[in-house]
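Reader: I have a model open on my screen and would like to walk through it with you. Could we take it one question at a time?

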Amino acid sequence: MTTTATRAATAAATAATASPAPPGLVPVLWLALLATPVAAAANAPVLILPDMAASLGVRTETAAWLVAAFAWAMAVSVPLLSGLLRRRGLTPVLRLSGALLLGGTLLVAASPWLPVTLLGRAAQAAGGAGLVAAAMSLAGSARRMGVISAGFGMLGAAGPLLGAQLSHAASWRLSLSVSLVSLLALPAVSRHAAITTPPTAPRNRFDARGAALLTVLATALVLLPHAPAAALGSAAVAAVLLALHVRRRPDGFVPAALVRSPLFLGSALLALALSTSYFTLLFAVPRLLADRAGWDVTAAGAGQLVALLTGSALSWLLAAASARMGRTAVRTVLVTIGTLAALLAVFASWGPLLLVATLGGVFGATGANAVLSMQAASSAPDPQRPTAIGLFTLCYQLGGAFGPAIATALVLGGA
């Protein structure tokens, strides 16, 4: 996810020419500490989902709701808290996000019941989303954003193995609490934010109806793999109501200019497809390695870590070359690699080939998040670009909800 929240394309395309960050900005290592632990927390359940299910006394497919709840909360919270940041400034966002993260972690650590644990995971994700939004707003330069992006890639890739090791050494609940490390950065970032907070947007009437309809639509889409009939009907109703609302208020929470932009829609939908494929592979490949190649959990986790790190690095190179390649060539590469990754997962039985599928999946998703987010933002007028990034991130994060559910239905359901 992780990945979702920062833009490696910005750093990759301009790192060679970016000027040093202005003095007085928040030290970038504090920003990285503030934002990146959520990436590890998002991927921590990958290798321990059956253990979590056994501890809570539920089936693996039921425990997968802990992953869906995290992805849902990240998806809807990024645009909501980005809007709060623009309207109210950094300090309220930092306080609210820290409280959500701490409260959610306490629930996850103490609750013996799945529903309360789900609430805790959602609160953790919402808090992490706010901290990511705050870190992005304080970065100040492409070079500094690149440091945050690198941290996301590293911790996101290490998340599955880190989660497995912490689970074996102590408890799976500790594995789901790693995002608490972000709180160590709050005092330092808050002190600097009091000086460096950017101007907030004019406090026009908040489009509460637009925000609510978008949240309902996103929620219905997250539920689609679990309750197709009810979720599809709810999503259709929410989509129609949101479309009517956008016509009445074209400058509201969902700007009409974005909805009508082929560039934005194409970028967001392709990112959604590649993200869904990646998260499906992320959860399915460890089980496929065990079933088809006889690998144990440690070997699968180590191999997947190498594949994720390699794929992330290669996607950063794609982002660096994207300006010279052009939109069509970049999209062709992303679609081709993403398709080949899915085909390998379906047909390969040799362990290294299954890891290549993971590599291709993370390459496609991370490359899409880096490059297509910039294309999506370029389709919007300057005042709406933060909104475009937030809505694009929502689409990307929906893949984090669809993927685990698909993996559970196709591969993990019998666990």
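**A walk through the model**

Author: Happy to. V58 touches A53, A63 and L114, leaving aside residues up to four places away in sequence. Please keep in mind that this is a predicted model.

Reader: Thanks! Where does V58 lie, and is V58 buried or exposed, or something in between?

Author: V58 sits in the loop between helix 4 (49–56) and helix 5 (60–63). Its relative accessible area is 25%. Buried would need under 20% and exposed over 50%, so V58 is partly exposed.

Reader: How many residues apart in sequence are V58 and L114, and what is their separation in space?

Author: Along the sequence, 56 residues separate V58 from L114. L114 is also one of the residues that V58 touches. From C-alpha to C-alpha, the pair is apart by 8.4 Å.

Reader: Let's zoom out. How many helices and strands does the protein chain have, and what share of its residues is buried?

Author: The chain has 19 helices and 0 strands. Among contacts between residues at least 6 apart in sequence, 84% join residues at least 24 apart. Of the 415 residues, the buried share is 56%.

Reader: Which residues touch the most other members of the largest nonpolar core, and which helix gives the most to this core?

Author: That core has 74 residues, and F264 and Y278 touch the most other members. The helix that gives the most to it, with 11 residues, is helix 15.

Reader: Which residues does Y278 touch, not counting residues up to four places away in sequence?

Author: With those sequence neighbours set aside, Y278 has contacts at several places along the chain, among them N43 and L308.

Reader: How do helix 15 and helix 18 pack, roughly parallel or roughly antiparallel?

Author: Helix 15 (residues 262–293) and helix 18 (residues 351–378) have axes 8 Å apart, at an angle of about 160 degrees. Angles over 145 count as roughly antiparallel, so helix 15 is roughly antiparallel to helix 18. By class, their contact has 19 nonpolar, 8 polar and 1 charged residues. As for hand, the crossing of helix 15 and helix 18 is left-handed.

Reader: And helix 15 with helix 17, roughly parallel or roughly antiparallel?

Author: The axes of helix 15 and helix 17 (residues 327–347) lie 9 Å apart, with an angle of about 25 degrees. An angle under 35 degrees counts as roughly parallel, so helix 15 and helix 17 are roughly parallel.

Reader: Which classes of residue make up the contact of helix 15 with helix 17?

Author: Helix 15 brings residues including L270, L274 and R292, and helix 17 brings residues including R327, R331 and V335. Sorted by class, this contact has 12 nonpolar, 4 polar and 3 charged residues.

Reader: What about helix 6 and helix 7: at roughly what angle do they cross?

Author: Residues making the contact include L81 and R88 of helix 6 and P92 and L96 of helix 7. They divide into 7 nonpolar, 1 polar and 1 charged. The axes of helix 6 (residues 65–88) and helix 7 come within 7 Å and cross at roughly 140 degrees.

Reader: Last one: is G104 buried or exposed, and which residues does G104 touch, apart from those up to four places away in sequence?

Author: G104 is found in helix 7 (residues 90–110). With a relative accessible area of 0%, G104 is buried. Apart from those sequence neighbours, the residues G104 touches are G120, A123 and Q124.

How values were computed: Residues are numbered from 1 along each chain as its sequence is written. This is a predicted model: local features need pLDDT of at least 70, side-chain atom pairs count only at pLDDT 80 or more; totals for chains, interfaces and linings use all residues. Side-chain values use heavy atoms; hydrogens and water are left out. Helices (H or I, at least four residues) and strands (E, at least two) are DSSP runs, numbered from the N terminus. Buried means under 20% relative accessible area, exposed over 50%, partly exposed in between (1.4 Å probe, protein chains only). Contact means heavy atoms within 4.5 Å. Axes are lines fitted to C-alpha atoms, for helices over the stretch in contact, and angles run from 0 to 180 degrees between N-to-C directions. Angles under 35 degrees count as roughly parallel, over 145 as roughly antiparallel, 65 to 115 as roughly perpendicular and the rest as oblique. A crossing is left-handed if the near helix is turned anticlockwise from the far one by less than a right angle, and right-handed if clockwise. Ala, Val, Leu, Ile, Met, Phe, Trp, Tyr, Cys and Pro count as nonpolar, Asp, Glu, Lys and Arg as charged, and the others, Gly among them, as polar. A nonpolar core is a set of buried Ala, Val, Leu, Ile, Met, Phe, Trp, Tyr and Cys residues joined through side-chain atoms within 4.5 Å.
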